[in-house]
Amino acid sequence: MRPIPSAPLPEWLRSARHLLQTHRLGQSLLYLPQTDSTNALAQQWLQDGAPEGGCVVTDDQTAGRGRSGRRWLSEPDANLTFSAIVRPDLPLQDWPLVGLAVAVAVARTLESFLGGRCVRVKWPNDVLIEGRKAAGILLESSRDARGTPHLIVGVGVNVNQAGFPDEIGQRATSLYRETGTLQPREAVFALLIDTLEQMIGLCAGNGISLLLRLYTARLYALGETVTFYQTGAEAPVQGRLLGLSANGALRISTEEGEKAYHAGELTTHAPA
Ligand code: BTN
């Protein structure tokens, strides 16, 4: 097995660690100034005995992975790019609920740096400020050396990025763009990790209904007419977005009645 590379924590991450109030999440940090993808490194670390709650952090992610095979572009030293290793207390089929919990945690963290402005979550787990994407979440399931399943929770948050490449410029934003002020990454990271632990903790028993309420309160396009591209389906579906079912599926009222979808992409545009 290849040795896991690591480097001393930079100043901002050492400060963040002092601010953390979590029991497990982020208590063990693996840092590299540059890496291809923190999700890839977290998977390698998991194989090598990473503790549950361990987080991989980098300041320069050179081949960030996005959902549906897309890339995640992030300016070096400006943002947060990290992956947490978690073992949800849920049956495997309910693990997507963790993605909703992560989206709520990111939204609540951003809200507190935006003076309480509402941040929206676009199902399943994009995080939007005024309709522009400020954070992305990529969940990948993986196994440790004993074969026990874990979830790699990859999070990219645009904190201090001022400009974006043309291909995403109109659709992306950052805390800096929204506030006009550079934000302390250590404080954003610490609050996010604290909130993540709380929200992931809701993913069991009675907590789930509270989690779904917190999510639905921020749900992008709720009550609007949407177009939904279901994964694997040939044609998109149009209908009114009703909210979420008890297992986190997306409820849409279509011409053929109410449907619940578990995977796909949502837009408010008419089909092309
Ligand atoms: C998306 O919106 O498509 C998901 C983007 C997820 C990006 C994060 S950045 C940290 C982690 N490592 C990766 O390679 N991807 C995730």
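**Exercise 1. Overall form**

What percentage of the 272 residues in the protein do buried residues make up? Determine also whether the radius of gyration agrees or disagrees with that of a compact globule.

*Solution.* The model is a predicted one.
Step 1. Buried residues account for 53% of the 272 residues.
Step 2. For 272 residues, a compact globule would have a radius of gyration near 19 Å. The protein has 18 Å, which agrees with that expectation.
Step 3. Along the principal axes, the C-alpha atoms fill a box of roughly 55 × 45 × 35 Å.
Step 4. Of the contacts between residues at least 6 apart in sequence, 66% join residues at least 24 apart.

**Exercise 2. The open sheet**

State the order of the 7 strands in the open sheet, and identify its edge strands.

*Solution.*
Step 1. The protein has 6 helices and 14 strands. An open sheet is formed by 7 strands in the order β1-β2-β5-β9-β8-β7-β6, with mixed pairing.
Step 2. The edge strands are β1 (29-32) and β6 (120-122), since each of them pairs on one side only.
Step 3. From one strand to the next, the twist averages 20°.
Step 4. As an example of pairing, β2 (residues 55-58) and β5 (residues 80-86) run in the antiparallel sense over 4 bridges. Within this pair of strands, V57 stands opposite F82 in β5.

**Exercise 3. Helices on the sheet**

Find which strands are touched by helix α1 and which by helix α5.

*Solution.*
Step 1. Helix α1 (residues 11-19) packs on the sheet and touches β1, β2 and β5. The direction of α1 makes about 165° with that of β1.
Step 2. Helix α5 (residues 185-201) also packs on the sheet, touching β1, β2, β5 and β9 (149-157). The direction of α5 makes about 30° with that of β5.

**Exercise 4. Aromatic rings**

Explain why the pair of F228 and Y261 is classed as tilted, and name the residues of the aromatic cluster that includes W12.

*Solution.*
Step 1. The structure holds 4 aromatic pairs. In one of them, the ring centres of F228 and Y261 are 4.9 Å apart and the planes stand at 35°.
Step 2. Planes under 30 degrees apart would count as stacked and planes over 60 as edge-to-face. The angle is 35°, so the pair is tilted.
Step 3. F228 belongs to strand β10 (residues 225-230) and Y261 to strand β13 (residues 257-261); being 33 residues apart, they link distant parts of the chain. Both F228 and Y261 are buried.
Step 4. W12, F82 and F189 form one aromatic cluster. Over the face of W12 lies R185, at 4.3 Å from the ring centre.

Conventions: Residues are numbered from 1 along each chain as its sequence is written. This is a predicted model: local features need pLDDT of at least 70, side-chain atom pairs count only at pLDDT 80 or more; totals for chains, interfaces and linings use all residues. Side-chain values use heavy atoms; hydrogens and water are left out. Rings of Phe, Tyr and Trp (its six-membered ring) pair if their centres lie within 6.5 Å; planes under 30 degrees apart count as stacked, over 60 as edge-to-face and the rest as tilted. Helices (H or I, at least four residues) and strands (E, at least two) are DSSP runs, numbered from the N terminus. Buried means under 20% relative accessible area, exposed over 50%, partly exposed in between (1.4 Å probe, protein chains only). A charge sits over a ring if NZ of Lys or CZ of Arg is within 6 Å of the ring centre and within 35 degrees of the ring normal. Two strands pair if DSSP finds at least two bridges between them. Axes are lines fitted to C-alpha atoms, for helices over the stretch in contact, and angles run from 0 to 180 degrees between N-to-C directions. Contact means heavy atoms within 4.5 Å. The radius of gyration is taken over C-alpha atoms; the globule rule is 2.2 Å times the number of residues to the power 0.38.
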